[in-house]
Amino acid sequence: MWPAVIAGSISCYVLKLLGYSVPRRILDNARVKSVAALLPVALLAALALTQSLSTGQHLVVDPRMGGLVAAIACAARRAPFLVTVAAAVAVTAGLRALT
Amino acid sequence: MVKNAAFIGLATGAYGFSFGAVSSASGLSLLQTMVLSGVMFTGASQFALVAVLGGGGAGVAAVATATVLGSRNAFYGLRLVDTLGLTLWRPVAAQLTIDESSAMAFAAPDRPTARRAFWATGVAVFVCWNAATIVGSLIHLIGNPSTLGLDEAAPGAFVALLLPQLRTRLSWVVAGVAGLAGLAAVPLVPAGVPVLCAAGVAAVAGWRARSAQTAELSS
């Protein structure tokens, strides 16, 4: 895991530094900005769904799906960050204990 | 100002605590978790890296996902470079360039206030985030991460980060299509790669749109 930890840390730092260093016109472009604004939305949606509904290369429905639904319900009601995470964890653990 | 910064620092501490717990549940050591919080220091990327690694994804896919999520910090730096007017301290300011410090600087009424807001928030979040990470990563000592439901903590965090960003119709469409594309790719490609397929959806949509709607999204 070390290579990924180190490479990821360096690449994220370099990106931060790039914002202060690259010529303005490269990043100050309507298309680049529009892609950059949508990337987190796409990645977070895919991360939440694939992490909850798959194991390895298999799609599975298990207690984690209940945790996902609980998190969505909390976030939709603007619950604090930790409450949303705690709901996902608690519902998953609860369903797992029942099954 | 300092009070606001301290409050934001404490609030992000809760988030850092969950990161520590998720990271150790994903199989990273305490030292690896601490390096991520100290050096990578950008929440969504850290969660993504450990989630992909914990899900059996390749290191390359984990790094790529973290990097794509961290790209927004470059755009904060672009807007901050004139406000902060730095030379010597630029490498340090770059490390503290994250959602919270940038948002506080952008919200300030004038340049001196913006500078103070940036540094106070950046330092407060850095200290609280790293301290909370250590506490969180010790939680796995209590019991089996899976029995405790900790494997669902990272998706919970992704949901909490995502929903406030869904402010336009285009963002809802992209989230929906990207999420489904990710799921559809699960049986077809190695673990970790489905998320990168979803990034392709954003790239295509953003490249084609660049309308008033996306300008609003990026503001």
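Start by selecting helix 3 of chain A and helix 9 (residues 153-162) of chain B: the two pack at an angle of about 150°, and their axes are 9 Å apart. Bear in mind as you look around that this is a predicted model. Angles over 145 degrees count as roughly antiparallel, so helix 3 of chain A and helix 9 of chain B fall into that class. Now turn the view to see how they cross: helix 3 of chain A goes past helix 9 of chain B in a left-handed crossing.

Next, show the side chains at this spot. From helix 3 of chain A, pick Val41(A), Leu44(A), Ala45(A), Leu47(A), Ala48(A), Gln51(A) and Ser52(A). Facing them from helix 9 of chain B you'll find Ala154(B), Pro155(B), Phe158(B), Val159(B), Leu161(B) and Leu162(B). Colour this helix pair's contact by class and you get eleven nonpolar residues, two polar and no charged.

Time to zoom out to the whole interface. Here 66 residues of chain A are in contact with 85 residues of chain B. On the chain A side, go through helix 1 (2-21), helix 2 (24-27), helix 3 (30-53), strand 2 (58-59), helix 4 (63-76) and helix 5 (81-98), each of which supplies at least two residues. Helix 3 of chain A, where you began, gives the most, with 23 residues. Coloured by class, the side of chain A that touches chain B shows 44 nonpolar, 15 polar and seven charged residues.

How values were computed
Residues numbered from 1 in each chain as written. Chains lettered and ligands numbered in written order. Predicted model: local features only at pLDDT ≥ 70, side-chain atom pairs only at ≥ 80, totals over all residues. Contact = placed C-beta atoms within 7 Å. Helix = DSSP H or I, 4+ residues; strand = E, 2+ residues; numbered from the N terminus. Nonpolar A, V, L, I, M, F, W, Y, C, P; charged D, E, K, R; others polar. Axes fitted to C-alpha atoms, helices over the stretch in contact; angles between N-to-C directions. Parallel < 35°, antiparallel > 145°, perpendicular 65-115°, else oblique. Left-handed = near helix turned anticlockwise from the far one by under 90°.
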